[in-house]
Amino acid sequence: MDDRGTLRKLIVDWLDDRYLFGDAAILIKSEDMSFLENGILDSLGFVQLVLMLEDRYRIKIDRKHLTRANFDSMNKIISYVAARAVFPS
Amino acid sequence: MSFQSALFLGVFLPAVLALYWLGPRRAGWQNGTLLVASWAFVWTWGPRLFPFLLLATLVNYGAGLALGALRTEDGPEGAKPNGGGSRWLLAAAVAYDLGQLALFKYLGFFASTVSTVGGVLALPLSIAAPSWALPLGISFWTLQQVGYLLDVHHGRVPACRSLLSFATFSSFFPQMQAGPVARTDLIPQFVEARRPSLDDLRTGAFRFFRGYVGRFLIAAVLGEKLVDPVFSRAGELSATAHWLAVLGYAGQVFCDFAGYTEMAIGVALLFGIRLHENFEYPFLAGNLMEFWKRWHMTLTNWLFDYIYSPLMTGSSWLRGRLDLGLFITFLASGLWHGAAWTFVLWGGLQGAGLVVQRHFDEAYRGLCRKDRTWVARRKTRGYQIAAWAVTQAFFVVSLVPFRAASFREAAAFTSGLLGRGAVAMPRMGNTDLLNLLFCVSLLAGYYALRGRRLAVPAVARGVIYGLLVVYMAIFMPLAKGTFIYAQF
């Protein structure tokens, strides 16, 4: 599995465990689907997701980017983190 | 002047719309017309307060430009705030806005609290409370301006370079009185020239009318005929009367504020400006977080974007302390709603409710990890109805301190809910009773038909609207009452 694939699995597992009770694969119908508009993630979940990504990938999410819109879909999250994280080789 | 006044409906709005759309189709003309109209609108609330609005607009415009200029060149993460200078400027500008709010809204509250504490402790701490009039909409305006400064500081939006566009955005009269809280993503709408759209005009007029019915028919009747008579005799009447009154108050606050919001969004649409939505059927929410995603959405988003998220994800000791963050955020919400300890209690209740819900969800997830049948149970109709009932009951009962004028009244009303009073119901005439039933039916119909497009012929729709207008003209005289949220 490539880095993006690993990251995607991590996010799906986290969402399943924290919010979606195992239904992430059913509820996330496309990589661009809005998490906020479709009830996948709320404001509390957004903050917990940011904390998890910062801790897991040792990145610091800049205040400029700390908006829910920047983490509102699988594609956005993966693109943001993949551009900044150092993946183990 | 307010949305319901004859002056607004008969003279002000038609005149401003005519000037706006019949003049040159340029952003400068449109903004100039809107700005003069907005200032005239604000002027009618009290000319003494007008200089504060002008000065604060200039301060925030200048601070925004300076904050934008202080950002360094683009790096790998984009432009950065230029260290200390930018932070000091931001702090000064935000302190100016919050200081103005504190001066008008919280100084009296602070003085009376100090005096009360002094009385209890027998200390000479008495402070004379100033009695300045609270400028209408200052709480909403402050959130808008602080949000703008923070967004520019963090580089989420560029500073608005046009003073005319910024002043129009800052003083846009449809949302000045009680929101929806304007965010910086609205600014581009004030930079470009707007074009008239028949659909916008039609939708705007309809939403104004719908809001008018909500506020001046349903909320007014619920308030005058059911809520006020029981709250004025809190603790004396039967438990049924108290429960009906607090349920009625939930309906009243919703229709009052959502009604105002509909009117504001409708008027803005008449000028081709799209404000943010503020309500999405909150009484359907099945948990408290969902409730706050649906009720006063622009305030909830503001609180989470500018208080909760930065507190929880920063590098301070608060990082990750989610319960404390929720509690602080909703205490701030309570204090924002009103300068009284009853509002602080109400905010604290919401924060505590969200903390309890968060821990309940954590515990439930633990059960699900061990046994997947708990996942299926969560999806049953019984679970969902129970979750909905608990959520709505919590919110409705938490409105007691929100509505009560004092802790004493809140306590008396709460004891009334538990059935201490003797008298069954306040006296009510047949017309009042019919009005109440009619209003409750309208509210229930609004929820039952949500999102559906009914194939009602235009003539029949016109007749229904006409009858409603006649009904309101008879029972609801113009310029009666003020918006609950306009007092905040």
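The model examined here is a predicted one. Ala66(B) sits in helix α3 of chain B, which covers residues 50–69. In sequence, Ala66(B) and Val152(B) are 86 residues apart. In space, their C-alpha atoms are 9.6 Å apart.

Chain A is built from 4 helices and 0 strands. Its elements run α-α-α-α from the N terminus on. The radius of gyration of chain A is 12 Å, close to the 12 Å given by the globule rule for 89 residues, so the chain is as compact as a globular protein of that length. Along the principal axes, the C-alpha atoms of chain A fill a box of roughly 30 × 30 × 20 Å. Of the 89 residues in chain A, 30% are buried. Contacts between residues at least 6 apart in sequence were also examined in chain A; 62% of them join residues at least 24 apart.

The two chains touch. On one side are 15 residues of chain A, in contact with 19 residues of chain B. Helix α3 of chain A, residues 43–57, supplies the largest share of the chain A side, with 5 residues. By type, the chain A side divides into 7 nonpolar, 3 polar and 5 charged residues.

Within chain B, helices α10 and α16 pack against each other. The axes of α10(B) and α16(B) come within 9 Å and cross at roughly 75°. That angle makes α10(B) roughly perpendicular to α16(B), because angles of 65 to 115 degrees count as such. From α10(B), the contact involves Val246(B), Leu247(B), Tyr249(B), Ala250(B) and Val253(B). These residues meet Val396(B), Val397(B), Leu399(B), Val400(B) and Arg403(B) of α16(B). The contact of α10(B) with α16(B) holds 9 nonpolar residues, no polar ones and 1 charged residue.

Helix α17(B) spans residues 407–417, and its buried residues are Ala410(B), Ala412(B), Phe413(B) and Gly416(B). Seen down the axis of α17(B), these buried residues fall within an arc of 165°, so they line one face of the helix. Gly419(B) follows α17(B) and has a positive phi, near 90°.

Backbone angles single out two further residues. Most residues other than glycine have a negative phi. Arg58(A) has a positive phi of about 50° although it is not a glycine. Arg58(A) lies in the loop between α3 and α4 (74–82) of chain A. With 10 other C-beta atoms within 10 Å, Arg58(A) is exposed, because a count of 12 or fewer meets that cut-off. In chain B, Tyr281(B) also has a positive phi, near 50°, and is a residue other than glycine. Tyr281(B) is placed in the loop between α10 and α11 (288–294) of chain B. Its 14 C-beta neighbours inside 10 Å make Tyr281(B) partly exposed.

Definitions and conventions
Residues numbered from 1 in each chain as written. Chains lettered and ligands numbered in written order. Predicted model: local features only at pLDDT ≥ 70, side-chain atom pairs only at ≥ 80, totals over all residues. Buried ≥ 20, exposed ≤ 12 C-beta atoms within 10 Å, placed from the backbone. Helix = DSSP H or I, 4+ residues; strand = E, 2+ residues; numbered from the N terminus. Arc of directions from axis to C-beta. Contact = placed C-beta atoms within 7 Å. Nonpolar A, V, L, I, M, F, W, Y, C, P; charged D, E, K, R; others polar. Rg over C-alpha atoms; globule rule 2.2 N^0.38 Å. Axes fitted to C-alpha atoms, helices over the stretch in contact; angles between N-to-C directions. Parallel < 35°, antiparallel > 145°, perpendicular 65-115°, else oblique.
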